[in-house]
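Please look through the structure below before reading on.

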Amino acid sequence: MDAIDKIYNPYDFSSTRCYVIVIEPHGSALTKIEHKLPSYIRTIRGIYVTNTFRSNIINHVGILSLNFNGNAFKTFHLPLPNTRIQPEVSNPLNLNERLEPNSFLQGYFYGIKSLLPKNYYRISIYIHYDYERK
Amino acid sequence: MIPKIKYQQLTYTVTSGGQEIIIDAETDKLYKTCTGINVVMTYDSAKFSTLQLTINNLEVFPDKFEVLRLLFRGNAPFGYDYHRLNEPAGGSKVKGVFKDNAVSSYPYNLTISLRLENTEPTDAGKVD
């Protein structure tokens, strides 16, 4: 594969299926996340996160912290960039996390104080998971 | 012999805030596989609108899936801008809903571009 192919390789949306969780912080600094994942999600292959906050001054919106299977020692931390500086690429972050039955997605979003409480924004967490084509 | 690749466009006009557009189309019967998708909108701030889409009764993009992830990638060179898919075409039903979430500036146009391919050259559809 050429170097340019590696850099700009677009994501194959048919290689996984996708499940979307939406969080609306509603002006609070700390937003708790607790979401029961559907039983058909067995292995999470990747995560992609977007947010609707836009600003020319503030580059980051806050920090997202997630854990799976109730394992707080294995946590997924992600500082969320302002949408203006987030490149419009489709590839999710690789994860390869196998879920226990009846697993919950738990964690929190800690928003930057200067955005609060006046700015409304929405955070979307895209869970890319394995599936079997019938 | 038909061309190996076709780019099939589905174009809609969004005229008001919060509008829902029902997508009900069919891929070209002469092409076997849908290998890519790309979305173009004439209003940048509409990129947080959502697109739920099924191809051949299989959900490809779920509810609440933002168009942002399927847009023409501004940092990618021409020819690298299609997001990859591997779904059966050949007359597959393409169904879904686009929900507008823009702030203002109506109307604007939405174009969903599907890349259809035949992995093998074929004479299907040839008229002697």
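This is a predicted model: local features need pLDDT of at least 70, side-chain atom pairs count only at pLDDT 80 or more; totals for chains, interfaces and linings use all residues.

Residues are numbered from 1 along each chain as its sequence is written, and chains are lettered from A and ligands numbered from 1 in the order in which they are written. The pLDDT is the predictor's confidence in each residue, from 0 to 100. Chain A averages 82. Its confidence is lowest in helix H1 (residues 3-8), with a mean of 73, and highest in strand E1 (residues 17-23), at 94. Helices (H or I, at least four residues) and strands (E, at least two) are DSSP runs, numbered from the N terminus.

In chain A, four strands form an open antiparallel sheet in the order E2-E7-E4-E5; strands pair if DSSP finds at least two bridges between them. Strands E2 (30-36) and E5 (75-81) of chain A each have a single partner strand, so one side of each is left without a neighbour in the sheet. Strand E4 (residues 60-68) of chain A is joined to E5(A) by seven bridges. Ser65(A) has His77(A) as its bridge partner in E5(A).

Ile127(A) is in contact (C-beta atoms, placed from the backbone, within 7 Å) with residues including Cys18(A), Tyr19(A) and Ile41(A), leaving aside neighbours within four places in sequence.

The contact between the chains takes 19 residues from chain A and 23 from chain B. On the side of chain B that touches chain A, E6(B) gives the largest share, five residues.

Notes. Two residues are in contact if their C-beta atoms, placed from the backbone, lie within 7 Å.
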